[in-house]
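Visitor: I would like to learn how to read the packing and the sheet of a model.
Guide: Let us take the core and then the strands.

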Amino acid sequence: MATFASLSDRLTAALANLRNKGRLSPADVDATVREIRRALLEADVNLDVVKQFTAAVRERALEAAASQALNPAQQVVQIVNDELISILGGQQRRLAFAKNPPTVIMLAGLQGAGKTTLAGKLARWLTGEGHRPLLVAADLQRPNAVTQLQIVGEQAGATVYAPEPGNGVGDPVRVAEDGVRYAIDRQHDVVLIDTAGRLGVDADMMKQAADIRKATEPDEVLFVIDAMIGQDAVATARAFQEGVDFTGVVLTKLDGDARGGAALSVASVTGRPIIFASTGERLEDFEPFHPDRMASRILDLGDILTLIEQAQRAFDEEEARKVAEKFATDSFTLEDFLQQMQQLKNMGSIKKMIGMLPGARGMREQLDNFDEKEIVRTEAIIQSMTPAERRNPKLLNGSRRLRIARGSGMTVTDVNQLVQRFEQAAKMMKTVAKGGVPQVPGMGPVPGASYRGKPQKKKATGGSRSGNPAKRAAENAALAAGKKEPASAGGSGFGLGGGAGKGAPSEEDLAALQRLLGR
Amino acid sequence: MAERTPWSLAGRLRNLFGGGGSTADAPAEAPADTSPDAPAPTTTLAPPPAPVPVPLKRVIDEDTWDELEAALISADFGPRITEETIEDLKAKVDRFRTTDPRDLQRMLRESIEERLAKFDPTLRLTERPAVVLVVGVNGVGKTTTIGKFANFVRNYGRSVVIGAADTFRAAAVEQLATWAERAGAEIVRPQHQGQDPASVAFQTVEHAKRNGIEIVIIDTAGRLHTKSGLMDEMSKIKRVIEKQAPIAEVLLVLDATTGQNGLLQAEAFLETAGVTGLVLTKLDGSAKGGFVLAVQERTGLPVKLIGQGERIGDLTGFTPHVFAQNLVGV
Ligand SMILES: Nc1nc2c(ncn2[C@@H]2O[C@H](COP(=O)(O)OP(=O)(O)OP(=O)(O)O)[C@@H](O)[C@H]2O)c(=O)[nH]1
Ligand SMILES: [Mg+2]
């Protein structure tokens, strides 16, 4: 969305700027680091953490510069990514279980962070892992939190221990303590204690949390934090660390579009690992946390480079140029169309490809609407045509269309639609080939994955011809942007394009890349 | 409520502005950076570290600007507003040829106040019934705000009915009913779990019209602004209500602890729910809610109410002067 659109733009641009140099100068490094700093601040990473982080990146980037490395852009991206992942905890940490059951897990966090819902999710997940969790209703503060836990527990198929009505009535420390005893009596091997939301600055409530901890000696205290939280994350995390101390972090509401910089800050400042991510309102929307995914999310870089490399591998430039020529000269046929489709299939799952794109989160719906079976259907129809028909769609009169429909097991309408789509696409691609921007009503930016021409025919070395990896990456980025030779763009299910001229990707190229990436 | 400003930037800015140097609450381990970033000390759990004697700053220098930047960023103003504000202040410092940090502090307060005061915080509840629709993402404090607001309106002798149109979240109706009871308001509940929220809203307005109740407040389920299905559901609730009566206010509740994502929330809810005002909650914590500046400017939506606690009386109106003063501490 608008607010953050500039971020990837700027970062991509900053990195693309490095491309011509082949080598990094300290000034380049500074410029790039400035953009990274801004990106992190817009993602709500704590300022102190940003300073530490950029200092580390800067140092490593300067080292890379001094060693006269040849691929600075890639190196910087790599450095940034590595540093992010290492701050986020590197490896994924698992829940610690007690040697002698029951394992006691206490949840703590601010109001509205999502503790009660999480309790249900954890209970469900634990049940699935063969445990017998007991939920303990120790949030006696928020109106009807007890009722909510009872309902959630029922949905999760877990027992709920709720001796007190709540709404200000009852002693949460007592309830928590009794809950553990109750679990022992009834052979529950895990106890999940839901507690009231509290502020870091509320001394009484923090003391209460500490008392619950003391009384129940939990094996894990999970600090539950909303992914949308801003700079306050650190103050709050510190207060909870001092007040109750926690052993792990759970990040909630990750199904939104928050960049989740708070995760980075909390992990960095407290040194506690993030263990789980909560990604929706249903009990099954819950997963172990992945530092690497979070890293790309914070910078919103996605796997640009991986993606470009894959696309590169799948297509061949020569072929692409040929097809581009065909477009430009109006000699693109249904046969070519089919070939394009088949190459797309060779690229593997398109959805997976698109899924790697930064910003793809926002396109989930479009992705779901994109049907790869479409390619199979298209294939069937075109294969039922005679070579002459394929070369000259104008031959396709009513009776031919009926025959093709029968032969391919489709309806005449399907055939009509395909021909129409082909004509539209050819027209659009002609425009693209000539350098214009296509206007295609009703066509989203998605089904593209439209990189370029053709499958690579057993080329020993993958990727762009450029021996300079940085140059290669930048070229590839420009290819994806759709303006450079021999590349292409467009929104149809195949690639292509043309145009001429070498050189650096222009501002517009990068903007186009962003657009392509679903902004 | 004057002394109750734990969300003041003042703690952070005090050293900067030479307010006595008594609250240098820099955490000892503040990494690589010299600026303090612990919350304002009012009710912090841990006793604030012993005040570090900081030499009073007499002149504005590079450090002053760095610290100001740090203070604004940590209050969630966001990088853009922070840059703008600092540029603006630098220009003013030049123009007025001042080197006194106290002038800078005053200018900062004025600048924030000016920006906030461009928007009219008045609640419009003149229609009868006056229908107020409350929306927002999950857990921001919608239901609690409704409880407080119903109480507030009741104190003015107005009759209130609350509609429990969160038919999704477990125990949401019970929670709202507890608040309705505390506030002395009527409540219209769904007839069955999972009932179409729009129909609950409709029935609530209908009930108000039939019984001459003056104010209608509709609670809705928390929804992330990125979920188009749920956003559509909300615009449907709105449309259905409008068939009965014009909506007086659509209040978007924003949590003060939210970061830059608050902007995206506001934009999305403005577009699909036609928000008319903002409620900023949880200002009793250490979060400053500085992102509302950007939200107001980007969406044109005024902040109309402030939530500062979990008790029924913890709701106030929004006054730019007070808000700015509390932030900057002048
Ligand atoms: N400290 C503090 N807590 C608040 C404030 N407003 C709400 N809360 C707490 O925040 C939590 C969530 O509040 P709710 O009113 O249930 O939020 P909601 O938006 O209705 O939540 P959903 O309906 O689940 O989306 C509760 O624990 C409230 O007590 C406030 O101003 N200050
Ligand atoms: Mg609610």
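**Core and sheet**

Visitor: Which residues have the most contacts inside the largest nonpolar core?
Guide: In soluble globular proteins, nonpolar side chains tend to be buried together. In this predicted model, the largest nonpolar core has 194 residues, and those with the most contacts inside it are A:Leu135, A:Val136, B:Ile162, B:Val216 and B:Ile217. Helix α3 of chain A (residues 47-66) gives this core its largest share, 8 residues. There is also a second, separate core of 13 residues, which includes A:Ile382, A:Ile404, A:Val415 and A:Phe422.

Visitor: What does B:Ile162 touch?
Guide: Leaving out residues up to four places away in sequence, B:Ile162 touches B:Ile146, B:Ala150, B:Leu176, B:Ala180, B:Ala185, B:Ile187, B:Ile217 and B:Asp219.

Visitor: In what order do the strands of the open sheet in chain A stand?
Guide: Strands of a sheet pair through backbone hydrogen bonds, either parallel or antiparallel. Here the 8 strands of chain A follow the order β3-β2-β4-β1-β5-β6-β7-β8, with mixed pairing. β3 (159-161) and β8 (286-288) of chain A are at the edges with a single partner strand each, so one side of each has no neighbour in the sheet. On average, neighbouring strands are turned by 25 degrees against each other, direction ignored.

Visitor: In which sense do β6 and β7 of chain A pair?
Guide: β6 (residues 248-252) and β7 (residues 274-278) of chain A pair in the parallel sense, over 3 bridges. A:Val249 has A:Ile274 in β7(A) as its bridge partner.

Visitor: Which strands does helix α7 of chain A lie across?
Guide: Helix α7 (residues 172-185) lies across β1, β2, β3 and β4 of chain A, and runs at about 165 degrees to β2(A).

How values were computed
Residues are numbered from 1 along each chain as its sequence is written. Chains are lettered from A and ligands numbered from 1 in the order in which they are written. This is a predicted model: local features need pLDDT of at least 70, side-chain atom pairs count only at pLDDT 80 or more; totals for chains, interfaces and linings use all residues. A nonpolar core is a set of buried Ala, Val, Leu, Ile, Met, Phe, Trp, Tyr and Cys residues joined through C-beta atoms within 7 Å. A residue is buried if 20 or more other C-beta atoms lie within 10 Å of its own, exposed if 12 or fewer, and partly exposed in between; C-beta atoms are placed from the backbone. Helices (H or I, at least four residues) and strands (E, at least two) are DSSP runs, numbered from the N terminus. Two residues are in contact if their C-beta atoms, placed from the backbone, lie within 7 Å. Two strands pair if DSSP finds at least two bridges between them. Axes are lines fitted to C-alpha atoms, for helices over the stretch in contact, and angles run from 0 to 180 degrees between N-to-C directions.
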